[in-house]
Amino acid sequence: MKNEKQNIYSQILEANVKNQKLLAILLDPDKIILENVTHLISKIKQSPATHIFIGGSLVEKNILDELILKIKINCDLPIVLFPGNPSQISDQADAILFLSLISGRNPDYLIEHQVKAAPILKKTQLEIIATGYMLIESGSETAVERISKTKPLDRNNLDLALATAQASEMLGNKLIYLEAGSGAKRAVPLDMIRLISKNITIPLIVGGGIIDLQGIQKAYDSGADLVVIGTAFEKDVSFFN
């Protein structure tokens, strides 16, 4: 049986209604040394993080289950999978962002990977959260762009970004995720966050290219409901200090 962390999406909705901002630390298994996990988790517990996301564009290390179990021993935060493909599914997590890369037109990332993942997910007790995933141009080629073989949306074409997000909501997705990409040179434009947040009714996640606390706050102020920090925390686990 799953524990009280089930219904993570309901908790996100509740926070949205109360205007409580959420923060996720994104951990890439390929960049994790298991022997250092205890120290890493101690830093996360000292941070304002509300969730832990786990995944990457290309996960080559076979440590996903072990990593999640180590985290759970030391931390009570909900663990949400942020997978690049069906091989990155673990029943040890609490939920999964069931991503559709709606900014691109590669059918593998629009439906093919999801079809392959469905039989695996049916055998788990993971909470499945359908998420419209939008890659936004950030000034350099990111891992998501390279591996998915899709082009990001023009950061200056706000109308296209808005229409994409609205179409995703109409299709039934529960979250919109605006992503500049891991290690992006530029974060998602604030005016894009602002426009989309005002014109959708589902929660908005923003990640990529945010390098300091001011960047997090600016994303919140522009309408992000949940901000994801990955590279900045990887480079400095004392980021929030």
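**Figure 1. I102 in the loop between β4 and α4.** I102 is found in the loop between β4 (95-101) and α4 (107-122); helices (H or I, at least four residues) and strands (E, at least two) are DSSP runs, numbered from the N terminus. The model is predicted: local features need pLDDT of at least 70, side-chain atom pairs count only at pLDDT 80 or more, and totals for chains, interfaces and linings use all residues. Residues are numbered from 1 along each chain as its sequence is written, and side-chain values use heavy atoms, with hydrogens and water left out. With a relative accessible area of 12%, I102 is buried; buried means under 20% relative accessible area, exposed over 50%, and partly exposed in between (1.4 Å probe, protein chains only). Apart from neighbours within four places in sequence, the contacts of I102 are L110, G132, Y133, M134, T164 and S168, where contact means heavy atoms within 4.5 Å. L135 lies 33 residues from I102 along the chain, and their C-alpha atoms are separated by 8.3 Å.

Figure 2. The largest pocket holds about 840 Å³ of space. On a 1 Å grid over the protein atoms alone, a pocket is an open set of points where a 1.4 Å probe fits, with protein on both sides within 12 Å along at least five of seven lines, and lining residues have an atom within 4 Å of a point. Grid points are joined across faces, edges and corners, and the volume is the space filled by probe spheres set on the points. The pocket is lined by 48 residues, of which G56, S57, F82, Y133 and V144 are the closest to its centre. At least two lining residues come from each of β4, α4, α5, β6 (175-179), β8 (226-229) and α9 (231-235). β4 gives the most, with six residues. The lining of the largest pocket comprises 25 nonpolar, 17 polar and six charged residues; Ala, Val, Leu, Ile, Met, Phe, Trp, Tyr, Cys and Pro count as nonpolar, Asp, Glu, Lys and Arg as charged, and the others, Gly among them, as polar.

**Figure 3. The second largest pocket.** About 200 Å³ of space lies in this second largest pocket. Its lining is made of L27, K31, I32, I33, N36, H39, L40, F233, E234 and V237. Helices α2 (37-45) and α9 each supply at least two of the lining residues. By class, six residues of this lining are nonpolar, two are polar and two are charged.

**Figure 4. The buried face of helix α2.** V37, L40, I41, K43 and I44 are the buried residues of α2. Seen down the axis of α2, these residues fall within an arc of 155°, so they line one face of the helix; the arc is that of the directions from the helix axis to the C-beta atoms. The exposed residues T38 and K45 are carried on the face of α2 turned away from the buried side. The cover over the buried residues of α2 includes β1, β2 (51-54), α3 (64-74) and α9.

**Figure 5. Helix α7 and its packing against α8.** Within α7 (residues 190-198), the residues M192, I193 and I196 are buried. Viewed down the axis of α7, the buried residues fall within an arc of 100°, so they line one face of the helix. They pack against β5 (127-135), α6, β6, β7 (204-207) and α8 (213-222). Two packed helices are described by the angle between their axes and the distance between the axes. The axes of α7 and α8 cross at roughly 30° and come within 8 Å; axes are lines fitted to C-alpha atoms, for helices over the stretch in contact, and angles run from 0 to 180 degrees between N-to-C directions. On α7, the contact is made by L190, I193, R194 and S197, and on α8 by K218, A219 and S222. The residues of this contact divide into three nonpolar, two polar and two charged.

Figure 6. Most residues other than glycine have a negative phi. N19 has a positive phi, near 60°, and is placed in the loop between α1 (8-17) and β1 (22-27). N19 counts as exposed, at 56% relative accessibility. K149, also not a glycine, has a positive phi of about 55°. The loop between α5 (143-148) and α6 (158-170) holds K149, which counts as exposed at 68% relative accessibility.
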